[in-house]
2 protein chains.
Amino acid sequence: MTGVRGYHHGDLRRVLLAAAAVAIEESGPAALSLRDLARRAGVSHAAPAHHFGDKPGLLTALAVEGFDLLAAALQTGDSLLEMGVAYVDFAVRRRAHFEVMYRPDLYRVDAPEVVAARGRSRAVLRSAVADLPPGPGAAGGAAGDALAAWSIVHGFATLWNAGALPDEAGDDPREAARAVIRRLFGSRVSDGDVRGRAAPPARSPRTPA
Amino acid sequence: MTGVRGYHHGDLRRVLLAAAAVAIEESGPAALSLRDLARRAGVSHAAPAHHFGDKPGLLTALAVEGFDLLAAALQTGDSLLEMGVAYVDFAVRRRAHFEVMYRPDLYRVDAPEVVAARGRSRAVLRSAVADLPPGPGAAGGAAGDALAAWSIVHGFATLWNAGALPDEAGDDPREAARAVIRRLFGSRVSDGDVRGRAAPPARSPRTPA
DNA sequence: AAGCATATCTTGCCGTTGACAAGATGTGCC
DNA sequence: GGCACATCTTGTCAACGGCAAGATATGCTT
């Protein structure tokens, strides 16, 4: 880590994490192979073990990176509506990170770095919910609002990534997510800007093995 | 299949599927091993291959079983609220099936039996949404209602199973799900009966390897 | 009742993988 | 110049998925 080519290979850790994200996006986390990552990075089959220990170790690092990226992505949205859209956008764009983050059987969820990073992203969500005006007929208050908001965006993102949604859902996950979130909070959520920021990413085309 | 002990082992196919559900519930689908299933069933390591071909084949059968069980579970709930609760209850109780069903990288989602079973469970959801009175300020109609409802219960169930929810969510997924669903549909959904049917299942205790 | 076709299961094998141990090589520091 | 250490390589092992070939039990046909 002491420059552009720190050592023999140079930033092998970062290269492996990036390769892992690509591999997972291609074939899912179940098919991930440390030896394949090593081949992609051009190093020996045991090189990854030095940086991550074992496979759960590598996925732990990927999850930490994911929670930090999520926290950063959520902070770009000002309103709760936009934050929900950002959540879905993150899940679709950084699909590999997202898939690992919520799969506790794949990595060490109790590792301190994970707990810290997860807490960071959760704090961002909570802060936005606190700004929401209290709604009618919704017992449970802010905690209930947060749980409902989190559930609906997480469910939509998961179903989108799984390819489970019918074609009527459209091609743009951001737009579709906006409609779904509006249905939850109705007029309590500011309309904000409806313009899309970038071209919609492609629909999940992963085929089972 | 011609009686209580059809062949050498007797209903090995069913036994393997049940063992797979148990194993997945214990350690997640990533750690599933056909050889381990064979050991649990007391047969040789190649016996599962005859019934399912390969690992995706076995998980395909498990997914089909899951979609049929889901369709049956959804039909027990009369109102949309109760159907949402039944969805969450299914995800928690038949966790192994649920986890596989929405993981297209693990099995053959395009297999005809899968398409048929998935369509069956989807039809049940749609029929309940059709009974819902049209709501205020919700453009998109029934399709939007279905997407929002599906998203919120799917997200809640996924987060619950992942152990991602904070402790304030409580111990009873049915009760917590009811509150979340009410927040989406408000007064449009009938209150129905609020009594729980059975003791709440235990919280997801799966520890990463 | 005998035999044949077939479904079911076993044994043996191969390539791949994750994990570990031991050694080689490059880097920073004194 | 040499020592301590981080980084990476080579070699090895058990376990796994998948395949091929063979064994065994069942049902059907004659």
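How much area do chain A and chain B bury between them, and what percentage of it is on carbon and sulfur atoms?

Mentor: Please keep in mind that this is a predicted model, in which local features need pLDDT of at least 70 and side-chain atom pairs count only at pLDDT 80 or more, while totals for chains, interfaces and linings use all residues. Residues are numbered from 1 along each chain as its sequence is written, chains are lettered from A and ligands numbered from 1 in the order in which they are written, and side-chain values use heavy atoms, with hydrogens and water left out.

Chain A and chain B bury about 3600 Å² between them, with 64% of it on carbon and sulfur atoms; buried area here is the accessible area (1.4 Å probe) that two parts lose on being put together, summed over both. To this contact (heavy atoms within 4.5 Å) chain A brings 43 residues and chain B brings 43 residues. Between the chains the count is four salt bridges, each being a side-chain nitrogen of Lys or Arg within 4 Å of a carboxyl oxygen of Asp or Glu, and one of them joins the side chains of B:Glu168 and A:Arg126 at 3.6 Å, N to O.

The same surface serves both copies, since 100% of the contact residues of chain A recur in chain B.

Now turn to the largest nonpolar core, which has 141 residues, and in which A:Tyr102 and B:Tyr102 have the most contacts. Such a core is a set of buried (under 20% relative accessible area, 1.4 Å probe, protein chains only) Ala, Val, Leu, Ile, Met, Phe, Trp, Tyr and Cys residues joined through side-chain atoms within 4.5 Å. Helix H8 of chain A (residues 141-162) gives the most to this core, with twelve residues; helices are DSSP runs of H or I, at least four residues long, numbered from the N terminus. Leaving aside neighbours within four places in sequence, B:Tyr102 is in contact with residues of both chains, among them A:Leu159, A:Ala162, B:Phe67 and B:Trp150.

Conventions. Buried < 20%, exposed > 50% of the residue type's maximum accessible area, 1.4 Å probe, protein only. Helix = DSSP H or I, 4+ residues; strand = E, 2+ residues; numbered from the N terminus.
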